[in-house]
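Let's take a walk through this structure together. Have a look at the picture below, and then we will visit a pocket and a pair of helices.

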Amino acid sequence: MTTIETDALWAGIDDQRARTAALLEGLTPEQWEHPSLCDGWTVRHVAAHLTGQQQRVRDALRFISRHPRILRSRSLNAFIHDAVVLQAQALSTEQIVAEIRNGIGSRRHNPGLTPLETLTDILVHSQDIAIPLDLDLPMRPSLSALAATRRWDTRNTWLATVNHQLPLDPYQLRATDTDWSRGHGPDITGPIGAILLLLTGRTAALDHLAGQGADALRNTVTRSA
């Protein structure tokens, strides 16, 4: 990635952080406690999770030292869930919004990850908040395409284990709002933002996708529900 591309990536992250913070600032107490697209997480939980995009190793160790029981979490996903619950309890909604805003301008990302994971996190989790509340929080197609490419390329690695896995390999995913396609097979077509959500296991994205592949995947999801 060139310097110009890196600058554009972080500018996009900052823009999505700013707009997510602005949306959160306008929520009612009831909306903060509304279920998100993440199973078992409220809007408050997802927002609290977004305050942890810039953790250093010493930050993680300090958190564990304050909450040693978290080491009993049975899996990576359980650890993340338990940490989010603790963070959501520790911060007021005003503090959560402030923490997300404080990340604007920073280029630090969590250890073992890349800026592309930071991008994916803020894009997808902003939709986890907005969609169930029937609020509009657009994602730039160019940024969604970057994140979707990263999700596709890492779909068989440990990075994918934090998401619900949908059987996407038999299909071709093709965006209708930007030049992006991956895979072979029956078409799943639609906005790149919806494809990104599908790649991260959000079945709600199927409402915005079309094609024979989308119909087949819908049937698969319905049968397994």
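**A pocket and a helix pair**

The second largest pocket has a volume of about 340 Å³. This is a predicted model, where local features need pLDDT of at least 70 and side-chain atom pairs count only at pLDDT 80 or more, while totals for chains, interfaces and linings use all residues. Residues are numbered from 1 along each chain as its sequence is written, and side-chain values use heavy atoms, with hydrogens and water left out.

A pocket here is an open set of points on a 1 Å grid over the protein atoms alone, where a 1.4 Å probe fits, with protein on both sides within 12 Å along at least five of seven lines; lining residues have an atom within 4 Å of a point. The volume is the space filled by probe spheres set on the points, which are joined across faces, edges and corners.

H9 gives the most, with four residues. Helices are DSSP runs (H or I, at least four residues), numbered from the N terminus.

Now turn to helix H1 (residues 3–25) and helix H7 (residues 115–130), whose axes come within 10 Å and cross at roughly 25°. That makes H1 roughly parallel to H7, a label for angles under 35 degrees. Axes are lines fitted to C-alpha atoms, for helices over the stretch in contact (heavy atoms within 4.5 Å), and angles run from 0 to 180 degrees between N-to-C directions.

Technical notes
Helix = DSSP H or I, 4+ residues; strand = E, 2+ residues; numbered from the N terminus. Parallel < 35°, antiparallel > 145°, perpendicular 65-115°, else oblique.
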